Amino acid sequence: MDLNTNNIGKTFSGVNVLRNVDFDLKPGEVHALVGENGAGKSTFVKILSGVYTPTEGSIFLDDKKVNITSPILAQKNGVSLIHQEPQSFSHLSVAENIFMGHMEGSNFSRVKWQDINNKSNEILESIGLKIDPKKVMEGLSIADQQMIEIAGALSKNSKVLIMDEPTSPLTPNEVGKLFDIVNKLKSNGMAIIFISHRLEEIRQISDRVTIFRDGDLITTKNINEVSNEEIIKFMIGRNIEETEVKENQFIKNDEYILNVKNLSLSKKFNDISFNLKKGEILGFAGLVGAGRTEVAKSIFGAEKFDEGEIIYNGESIINNSPNEAINNGFAYVPEDRKQMGIFGSVAVEDNVTSAIPKNISNSIGLINSKTVSKMTNDYINKFNIILTSGRQLIEELSGGNQQKCIISKWLLSKPKVLILDEPTRGVDVGVKSEMYEIINKLAEEGTAIILISSELPEILSLSHRIIVMREGKITKILNNKEATQENIMRYAIN
Amino acid sequence: MLKQISIYLSENPTLRYWIVRPEWVAVILLIISIISSIQLSPFFADLAFIMDSATPYVEYGLIAIILTLIIISGEIDLSIASMIALTAVIFGTAYNAGIGMPMSIVIALLSGTLCGLFNGILVTKLQIPSIILTIGTLTLYRGIAQSLASDFSLGGYPSWFIGIDYRYVGIVPIPVIIFTVFAIVVGFFLSSTIYGKQLYLIGTNPQTAKYSGIKVDRVKLLLFTLSGLVCGIAGVLTTSRLAVARFNMATGAELEIVLMVMLGGTYIFGGRGNIFGTFIAFWIVVILRAGLNVARIKIESQLTILGAMLIIAIILTNYIYSKSQK
């Protein structure tokens, strides 16, 4: 089936996340989509599969305009989405999972077990799988569950198959098995959209590649007409030179405050080693899911680690809880502001002083509310936080002002090592540059800063050195002189 | 008009903090109950009579105050009534075994503390939701009480121990004084100390609390243990009042205690509420029960009225929270 889109766009509460996408997909083709996190590729396939409705533009199947307003309608039109993590009913059988939602007969007729088991068997055999359809889903490997999801799509006579990062949970062996099936489907005339961050796989399996960046479709190329270098260049754009690189002058001292050695946590990260100087901003780059946040949480004591050593001020320490970490001089501004950063229905001043109970109370624990107000007001003025009073509930502030409150909260604890996890996510441009000023000033005053960020310009302009992580491992440590968006992306992907 | 008020309030957070509070609902309900009770019977307006009517509820009131802390921090303890019965039965058994009154009291309080500690350990270490776990221990503790005492009433206490509700300071029975002092102390702890403040933070967002260095599990463990201890105290007080201990004491009391906390405007999902509300709610229950008794309204109908009151309080509380939350 031919799939074409014309001028597809999507706006979420005023923010334009996808613009003017003209895309085409032919039967018997594997078409790869690539782009950084937030480039728009996921939004695009969600529109194709009916999860989102486009704000503008239209979708054509075999040159007929179709309105895909729900996943069920998408499936009826022959478009199926295979999720990254298989979405299965784990207590039901393989056959039930394959035929879920489209068994023969009315909603009240009996299930024809013989029938669906036989049909499941046929479909599974047609893609070369030997699984008993009566088996319960639970206990099958992720790879097998994924194949069964594909079998489900086949049972619905799908003509377009969208696979969203199908290889990321698979072992290399399983990836090979998946590619055999993809090739088989392709030769039967299936049109396949394949999303992956691994350029090698894309090269191996796809015919064409389309690159997204910041909500725009940048270009579509035949895979053998484009090099990996060129793809990366398209992904990050041409304004590479414009990003200023930080001057590294004032960090001549050799006072290491933190030395992390061979830190490992099974299934999260492996063999992480780095050191951090006083006054240094150490950037952590990588794709979402590369394990950067997990490393940060382990250092901060919010998660355990299996192996390795953390040397802090020359002594080996283990933070068993955030409480110990804070007392040792660590601070962590989490990535998920709403879940881990703020106390929503609590006053700003109680939020700001929540990490320093000893500084706002006397020896028997009585709170000095004057101190609380004064400390809060100092930071409200210093950071220009916009609110009506310190007693206002923090959830009533804008995202940027909430973030300023959280930074204030951690600065009050006078940290020696400050970990910032995506500190400018969901913050507007004005607040962003204020935030950069604050971060730079802190470093100049001697605070050691770990900056986790998915925004390359941000990480480039702030960091003295940049650690690039991929799939739980450090792939490269770059000095700011040698760091560019290009080589960061190369180490983040390959 | 209403809209103007709400805009004015949102511009004055401090004023809003004092005005938009659910315990005003409890205060209004209390005033209504007093007025209607006096309307129903002129004999009602007698302070000594009201004080006397309060004594049977003091044991519940004490526990309601601790339960307020637990609910504010986002948990619940439903094993409270069973802990009253178990500690009372252990107390009676110990005393009848001849180990003396002071030691029997210590053993009762200790066993309550251990029951609470057990709840707390399972909730924090095994991460079992407290609503499920304490329904389990509700049955377990009552079961242990029954196997200890069978269907016997454990009595035979010295006369100085029996009838604490008949001892007064002025016209105020001693249990009511205990309750009031306890409410003031805990209320002060909750509103003015850093530990009190942390209960609200834990109840509002346990994740953020953990990342802010608050020892969430330790605080919860302490609260559950404290709940057990206070149930032990209530167990001994009840035995003194009734002169006997039985396994089926305080059956169903957990709901009446939860009712007091809810009526006082504490938010069932945690993070909001205070002791003043629970204190007022205690008096609502006392006055309604007494007032309806004086008016010779049957027990069955009393329950209906209490239930209706609770529903009204919950609707208004939720409305107020939705307004203050926006």
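Two strands are taken to pair if DSSP finds at least two bridges between them. Strands (E, at least two residues) and helices (H or I, at least four residues) are themselves DSSP runs, numbered from the N terminus. The model is predicted: local features need pLDDT of at least 70, side-chain atom pairs count only at pLDDT 80 or more, and totals for chains, interfaces and linings use all residues. Residues are numbered from 1 along each chain as its sequence is written, while chains are lettered from A and ligands numbered from 1 in the order in which they are written.

The description starts with the division of chain A. Domain bounds come from an automatic or database domain assignment, and chain A is divided into domain 1 (3-236) and domain 2 (256-493). The centres of these two domains of chain A, taken over C-alpha atoms, are separated by 37 Å. Residues are in contact if their C-beta atoms, placed from the backbone, lie within 7 Å; by this criterion, 8 residues of domain 1 of chain A are in contact with 9 residues of domain 2 of chain A. On the side of domain 1 of chain A that touches domain 2 of chain A, helix 8 (residues 228-236) of chain A gives the most, with 4 residues. That side of domain 1 of chain A divides into 4 nonpolar, 2 polar and 2 charged residues. In this classification Ala, Val, Leu, Ile, Met, Phe, Trp, Tyr, Cys and Pro count as nonpolar, Asp, Glu, Lys and Arg as charged, and the others, Gly among them, as polar.

One open sheet of chain A has 6 strands in the order 16-17-18-13-19-20, with mixed pairing. Strand 16 (330-333) and strand 20 (473-479) of chain A each have a single partner strand, so these edge strands are left without a neighbour on one side. From one strand to the next, the twist averages 20 degrees; axes are lines fitted to C-alpha atoms, for helices over the stretch in contact, and angles run from 0 to 180 degrees between N-to-C directions.

Within this sheet, strand 13 (residues 281-286) and strand 19 (residues 465-470) of chain A pair in the parallel sense over 5 bridges. Ala285(A) stands opposite Val468(A) in strand 19 of chain A, and Gly283(A) has Ile466(A) as its bridge partner in that strand. Strand 13 of chain A also runs parallel to strand 18 (residues 448-452) of chain A, to which 4 bridges join it; there, Phe284(A) has Ile452(A) as its bridge partner.

How many residues of strand 13 of chain A are buried? A residue is buried if 20 or more other C-beta atoms lie within 10 Å of its own, exposed if 12 or fewer, and partly exposed in between, with C-beta atoms placed from the backbone. In strand 13 of chain A, 6 of its 6 residues are buried. In a regular strand the side chains alternate between the two faces of the sheet. Here Ile281(A), Gly283(A) and Ala285(A) on one side, and Leu282(A), Phe284(A) and Gly286(A) on the other, are all buried.

A second open sheet of chain A has 4 strands in the order 12-11-14-15, with antiparallel pairing. Its edge strands are strand 12 (269-277) and strand 15 (315-317) of chain A, each of which pairs on one side only. Strand 11 (residues 256-265) of chain A pairs with strand 12 of chain A in the antiparallel sense over 6 bridges, and Val260(A) has Phe274(A) as its bridge partner in strand 12 of chain A. Helix 9 (residues 292-300) of chain A packs on the sheet, touching strand 11, strand 12 and strand 14 (307-312) of chain A, and its direction makes about 115 degrees with that of strand 11 of chain A.

The contact between the chains takes 28 residues from chain A and 23 residues from chain B. Helix 10 (322-327) and helix 11 (337-341) of chain A each supply at least two residues of the side of chain A that touches chain B. By class, that side of chain A has 14 nonpolar, 11 polar and 3 charged residues.

Pro334(A) is placed in the loop between strand 16 and helix 11 of chain A. Pro334(A) counts as buried because it has 24 C-beta neighbours inside 10 Å. Leaving aside neighbours within four places in sequence, Pro334(A) is in contact with Met340(A), Gly341(A), Asp421(A) and Tyr211(B).

Notes: Contact = placed C-beta atoms within 7 Å.
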